[in-house]
Amino acid sequence: MNASSKLVGAVARMGAKPAMAQTSRLPSSILRSSSIAGRHGLVLSQGRNAFAPAMMRSATQSRSVVAETATAAILAAGKMQGAGLATIGLSGAGVGIGTVFAALINGTARNPALRSQLFSYAILGFAFAEATGLFALMVAFLLLFAY
């Protein structure tokens, strides 16, 4: 029995669908299609006889985002890039919190009698810095899940 016929049988048992004809939707990036492969990067191009190796590779590959149209792929990429850029604010919150507590330690070392008053100011500064980081995180989650 030929290895490619075993692979086709395994693909049929897994419930894979053959590549669609050219319609308004683009085929999945796992399946190969030589007619559409040149237009975008979602479909791998190796010719018409590349169906079996593509299905064998699909058993080991996994992708977290699957887009069915080019517009959906661009929108998903934009959402992920925007969420990644929004999380840069979290680094600013970390720097702010570090600065607040460094100033608390420095002030307490200079004048230990003001420890309780400096600590209350430090907690207030910590809250403001943490709120800024939480706003950045909220924007990132809104970009990912609300739009």
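## Burial and overall make-up

Of the 147 residues in the chain, 20% are buried. This is a predicted model. The chain has five helices and zero strands. Read from the N terminus, its elements run α-α-α-α-α.

The accessible surface of the chain comes to about 10400 Å². Carbon and sulfur atoms hold 66% of that surface. Residues 24 or more positions apart account for 51% of them.

## Confidence

The mean pLDDT of the chain is 74. A value of 70 or more is reached by 54% of the residues. Over residues 33-41, the pLDDT is below 50. Beyond near neighbours in sequence, that stretch has 13 contacts in the model.

## Helix α4

Helix α4 covers residues 88-110.

Four residues of α4 are buried: A93, I97, L104 and G107. What do these buried residues pack against? Their partner is α5. An α-helix has 3.6 residues a turn, so residues three or four places apart point the same way.

## Helix α5

Helix α5 takes in residues 115-145. Its 31 residues should span 45 Å, at 1.5 Å a residue. The C-alpha atoms at its ends are 44 Å apart, and this agrees.

The buried residues here are A122, G125, A129, G133, A136 and A140. They pack against two helices, α3 (70-86) and α4 (88-110).

Start with L104, a residue of helix α4. Is L104 buried or exposed? L104 has a relative accessible area of 13%. Buried means under 20%, so L104 counts as buried. Leaving out residues up to four places away in sequence, L104 touches L118, F119 and A122. L104 and F119 are 15 residues apart along the chain. Their C-alpha atoms are separated by 6.7 Å. A122, another contact of L104, is one of the buried residues of α5.

Next comes G89, which also lies in helix α4. Its relative accessibility is 28%, so G89 counts as partly exposed. Which residues does G89 touch, not counting those up to four places away in sequence? They are G133 and A136. Both G133 and A136 are among the buried residues of α5. In sequence, G89 and A136 are 47 residues apart. In space, they are 5.3 Å apart, C-alpha to C-alpha.

## A nonpolar patch on the surface

Now look at the outside. Which residues form a nonpolar patch on the surface? They are F135, M138, V139, L142 and Y147. Together they have about 550 Å² of accessible area.

F135 sits in helix α5. Why does F135 count as exposed? Its relative accessibility is 53%, and exposed means over 50%. Helix α5 therefore has exposed F135 as well as buried residues, including G133 and A136.

Conventions:
Residues numbered from 1 in each chain as written. Predicted model: local features only at pLDDT ≥ 70, side-chain atom pairs only at ≥ 80, totals over all residues. Heavy atoms only, no water. Patch = residues over 30% accessible without salt bridge, like charges linked within 9 Å, V, L, I, M, F, W, Y side chains within 5 Å. Areas by Shrake-Rupley, 256 points an atom, 1.4 Å probe, with all protein chains shown as cover. Salt bridge = Lys/Arg side-chain N within 4 Å of Asp/Glu carboxyl O. Buried < 20%, exposed > 50% of the residue type's maximum accessible area, 1.4 Å probe, protein only. Expected span 1.5 Å × (residues − 1). Contact = heavy atoms within 4.5 Å. pLDDT = per-residue confidence, 0-100.
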